[in-house]
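Welcome! Open your viewer, switch to a cartoon display, and let's walk through this structure one selection at a time.

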Amino acid sequence: MSNPSLLILPGDGIGPEVMAQVRRIIDWYGDKRGMRFDVSEDLVGGCAYDKHGTPLHDDTMAKAQEVDAVLLGAVGGPKYDKLDFSVKPERGLLRLRKEMDLYANLRPAQCFDALADFSSLKKDVVAGLDIMIIRELTSGVYFGEPRGIVKEGNERVGINTQRYTESEIARVARSAFEMARKRGNKVCSMEKANVMESGILWRDVVQEIHDAEYPDVELSHMYADAGAMQLTRWPKQFDVIVTDNLFGDLLSDLAAMLTGSLGMLPSASLGAPMANGRPKALYEPVHGSAPDIAGQNKANPIACVLSFAMALRYSFDAGDEADRLEKAVEKVLADGVRTADLLGEEGVTPVSTSEMGDAILAAL
Ligand code: ATP
Ligand code: MG
């Protein structure tokens, strides 16, 4: 059997710096755990524009469609701010998401004990927190027609349409139930069925998919506004949360801040199952290219490292190995190793990007 394939797109800014640490970890898995990947590397974003005049070359797009998983660093930077919209670095990432049809955006909110003081909430509310928010990413009010700003009599009217089909709801619901089976076996679905028809349909379809295909998973429903309250009151009551594009946008940012630094947050975007049964998948840190610290060996590589851990778990059926990597990160943090973004306390000297990589490898 051939090795699982992984396309690495380091991108711009701190992308290549943090990805270099992940490449060392991938090599470690090959050498020490016998987990070998067919790794290829290519350009996306500004660096692709510099070379090809487009932020994503067709050959790279085709490659992304074939591999088992794509791992991306970050795109963009001030150098490209004046470019025409059609060739902006971000368009490379949007094209990947659109053509791979990545409809389920996974944002874990996980709080490492050593960083619990970083949260905006009390320590006991967040210590040990481990939840997963699944946001529908390709439909809903950000895409629904009609949309626009039109004239009605003497005034302008801004219009957007919240629209969900049964199949769009069903497929992201399945992603959530599959995810729950690999975690705490619990899903909470959030909508506004009290005031929105799309919310009523959302609730019905999620319940139907549950009853027919995933009766073993515990399912609850919550209005999204109440969900926001509960997320800040006692977030540990949740395991997997599934919600639409708009509410997911808000709730996932809210949940991110429960845990602290942008430099810690991984994400995955998943699409339909491929012939091998695994979903199309793109993994990337939540943070951007951080031009203010790019090229200085200062960036925190943990968000990118944890994105690779998600790939191990969700694309390569290697949950134990993902646990191993997450435990290594946890140990490094418990030992007090900190990149500059994780420093609140006085008297601790920050480590560099590569030193954080050294520490994670040593912990592995
Ligand atoms: P984008 O627009 O590219 O999505 P953004 O402008 O919202 O991103 P980032 O580029 O992620 O945000 O940077 C926001 C701030 O967070 C910057 O000050 C940056 O230096 C810091 N930051 C982001 N990622 C990291 C990281 N991995 N390590 C340390 N600091 C980071
Ligand atoms: Mg930015």
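Here is a tour in a few stops, from the sheet to a hairpin.

This is a predicted model, in which local features need pLDDT of at least 70, side-chain atom pairs count only at pLDDT 80 or more, and totals for chains, interfaces and linings use all residues. Residues are numbered from 1 along each chain as its sequence is written, while chains are lettered from A and ligands numbered from 1 in the order in which they are written.

**The sheet.** Start with the open sheet of 10 strands, ordered β2-β1-β3-β12-β11-β4-β5-β10-β8-β9 with mixed pairing. Strands here are DSSP runs (E, at least two residues; helices are H or I, at least four), numbered from the N terminus, and two strands pair if DSSP finds at least two bridges between them. Select 38-41 and 218-223 to see the edge strands, β2 and β9, each pairing on one side only.

**Inside the sheet.** Now pick β4 (104-110) and β5 (130-136): they run antiparallel, joined by seven bridges. Look for Q110, whose bridge partner in β5 is D130.

**A helix on the sheet.** Next, select helix α7 (197-213), which packs on the sheet and touches β8 (186-191), β9 and β10 (240-243). Contact means C-beta atoms, placed from the backbone, within 7 Å.

**The hairpin.** Finally, select β6 (144-152) and β7 (155-161), antiparallel strands joined by six bridges. They form a hairpin with two residues between them, and G153 in the turn has a positive phi of about 60°. E152 has E155 as its bridge partner in β7.

Is β6 buried or in the open? None of its nine residues is buried, so β6 lies largely in the open. A buried residue has 20 or more other C-beta atoms, placed from the backbone, within 10 Å of its own.

Conventions. A residue is buried if 20 or more other C-beta atoms lie within 10 Å of its own, exposed if 12 or fewer, and partly exposed in between; C-beta atoms are placed from the backbone. Two residues are in contact if their C-beta atoms, placed from the backbone, lie within 7 Å. Axes are lines fitted to C-alpha atoms, for helices over the stretch in contact, and angles run from 0 to 180 degrees between N-to-C directions.
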